[in-house]
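Thanks for making the time this morning; I would like to walk through a few local features, one after another.

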Amino acid sequence: MSVQPSTVESVLIENRVFPPNEALVRQANISGMAAYQALWKEAKNDYPAFWARLARENLVWTKPFTRTLDESNAPFFKWFEDGELNASANCLDKHMGTPVENKTAIIFEADDGAVTKVTYKELLARVSQFANALKARGVKKGDRVVIYMPMTVEGVVAMQACARIGAIHSVVFGGFSAKSLHERIVDAAAVAVITANYQLRGGKELPLKAIVDEAIETGGCESVKTVFVYQRTATTCNMVGGRDITFAEALAGQSTDCPPVPVSAEHPLFILYTSGSTGKPKGVQHSTGGYLMWSKLTMDWTFDIKPDDVFWCTADIGWVTGHSYITYGPLAAGVTEIVFEGVPTYPDAGRFWQMIERHKCSVFYTAPTAIRSLIKASEADAKVHPARSDLSSLRIIGSVGEPINPEAWMWYYRNVGGERCPIVDTWWQTETGGHMINPLPGVTPLVPGSCTLPLPGIMTEVVDETGQTVPQGAGGMLVVTKPWPSMIRTIWNDPERYKKAYFPEEFGGKIYLAGDGAVRSNGEATKGADRGYFRITGRIDDVLNVSGHRLGTMEVESALVAKTDLVAEAAVVARPDDLTGEAICAFVVLKRARPTGDEATKIAAELRNWVAKEIGPIAKPKDISFGDNLPKTRSGKIMRRLLRSIAKGEAITQDISTLENPQILEQFAQKL
């Protein structure tokens with residue numbers, strides 16, 4: 001791996017500081033900076049003992065662990081390895097016999113606004129019954145199960161049921177194509193797929209089962225023995241005899257009692273595929289013990305969760321945010337949570353605010369992309385402005401998926417949080433399992449656009465390309481210098497790729513390279529109030545972040561070039577976008593003359609639809625420009641830095657003396 005330094009051309013100088021609410025500080029789970037520093041002191045004095053205490057206090061173990069951290073085969077770190085537990089039991093069974101068992105676990109609001117409530121006791125029965133249905137079809141501990149589901153209670157039930165019997169789930173976002181689903185089924189060698197006939201989004205029925213059929217029919221999916229089909233709508237779908245079974249058929253006669261299977265703390269809980277800078281998605285493998293402990297603990301720390309809170313994370317279970325802060329963290333914390341089907345703009349763009357009022361939501365966690373789109377909507381139509389809804393139930397609001405720009409932060413703080421709710425701007429990744437750097441509601445003075453300080457025990461630095469810490473105020477690469485319990489364990493079936501991607505030899509093979517650039521404040525702008533605060537500056541590799549979803553440039557390029565009747569060559573870069581954070585820009589060379597006018601528009605639309613089919617709608621390029629060739633050096637290397645400048649609308653000021661065909665730059669610049 002060649003590690004490139006992160007260049008930070010300009011960093012916003014932000015001098016606005018918002019101290020924590022004193023009333024909130026007094027009752028916070030971590031109350032005041034002294035309490036935060038005490039936890040840090042404990043972690044630094046005895047790192048393994050710190051994590052051992054937290055693991056014992058936050059999880060129920062069927063067999064207590066005696067070994068905390070095993071670093072003997074770094075970077076394949078192991079935590080609490082000789083201990084045994086079950087993730088589902090820690091989310092459900094532990095609440096039985098307590099007042100929580102009759103508490104509402106999930107408030108489900110469907111796409112059409114219909115509301116269903118499920119108690120913890122009812123959820124345990126449903127999970128146990130589905131776990132028995134899995135076992136009846138031969139699914140056992142260690143088997144992989146792909147879940148391709150809409151945002152419903154059944155999606156959470158499916159994940160929990162897999163965990164209950166020790167099966168390893170791999171959830172695939174319902175917006176991904178048959179090709180993407182096929183790749184994941186094959187790589188995981190899944191024995192079963194759990195899906196639905198359709199999903200509902202914005203008043204429309206979108207097929208899921210038909211996409212599963214297409215994926216399996218592609219070939220190489222012989223491992224799949226069963227497809228479980230949840231009938232989300234009344235519309236019929238194709239059912240393959242001997243393989244496919246409806247939920248109703250699978251659950252018929254199954255007991256609502258299923259003893260949880262104890263597994264090692266290092267037993268894989270799930271595989272979640274994320275994009276890399278090469279074409280093949282990476283199967284991020286997470287453990288059971290360390291991951292679950294951190295999901296639960298960050299509920300307590302980041303969200304300052306209380307027994308009477310109503311928590312709402314707007315993510316999809318197809319992403320890690322939905323794993324940690326829908327399926328596992330809230331249930332392990334015994335909190336009532338909202339599960340939402342649909343889109344924030346249907347039936348109108350006031351839906352989020354109306355739902356907060358309707359369900360008395362107190363902790364709200366969403367993405368900057370959603371915030372930016374709702375700002376735009378509220379400016380266009382006062383009827384959907386947050387001010388039209390009663391948001392007084394809110395006490396904490398959060399941001400996830402990508403850095404939030406300061407002006408969006410201020411709008412969120414004023415119009416949603418009423419200038420009383422702290423914003424927990426969280427930096428973390430699929431690979432980290434849970435929050436890493438973010439404010440704590442009862443501790444941290446807030447600075448718009450900054451994720452502030454690392455959580456206790458998370459050892460982060462900003463370094464240069466040699467691994468040396470850079471001065472505060474200087475840009476560099478974000479790294480984590482010590483292992484932590486919820487970290488990625490490996491890439492499924494590809495340990496060498498794991499080492500190369502995350503623990504490069506240039507850094508000694510033991511330091512986690514996050515892949516993000518960062519700056520740590522020197523406190524100059526705020527007279528020291530934000531000294532040491534982190535600000536994320538963007539990716540240092542060829543990974544795009546579109547609406548908080550990570551996509552490899554190589555994936556999109558490969559999809560474009562797969563249109564073999566049309567495309568000869570393609571290069572993909574990102575540019576900043578007010579709505580989605582980053583927008584995908586594609587530079588394309590066709591196997592025919594460069595198109596212009598209406599023909600170019602028509603071909604661009606065809607290519608967008610093709611990419612949506614190959615990867616998913618999220619991967620559609622926003623800008624497509626055509627040229628006679630790509631800008632290359634005389635050795636054949638594509639000059640991506642020049643394409644990035646063109647995509648951003650910047651003048652080309654870089655040295656282009658090594659460019660073989662400088663006239664190409666003008667072609668692309670004119671089109672964009």
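In helix H18, the buried residues are Arg640, Leu642, Leu643, Ser645, Ile646 and Ala647, where buried means under 20% relative accessible area, exposed over 50% and partly exposed in between, with a 1.4 Å probe and protein chains only. That makes six of the eight residues in H18, which spans 640–647, so the helix is mostly covered; helices are DSSP runs of H or I with at least four residues, strands are E runs of at least two, and both are numbered from the N terminus. Just after H18, Gly649 takes a positive phi of about 75°.

A word on provenance: this is a predicted model, in which local features need pLDDT of at least 70 and side-chain atom pairs count only at pLDDT 80 or more, while totals for chains, interfaces and linings use all residues. Residues are numbered from 1 along each chain as its sequence is written, and side-chain values use heavy atoms, with hydrogens and water left out.

Next, helix packing: H3 (47–58) and H10 (289–302) pack at about 85°, with their axes 10 Å apart, the axes being lines fitted to C-alpha atoms over the stretch in contact and the angles running from 0 to 180 degrees between N-to-C directions. The two helices, H3 and H10, are therefore roughly perpendicular, a label for 65 to 115 degrees, whereas under 35 counts as roughly parallel, over 145 as roughly antiparallel and the rest as oblique. Among the residues making this contact are Phe50 and Trp51 of H3, and Met293 and Trp294 of H10.

Finally, an open sheet of four strands runs in the order E21-E22-E24-E25 with antiparallel pairing, where two strands pair if DSSP finds at least two bridges between them.

Definitions and conventions
Contact means heavy atoms within 4.5 Å.
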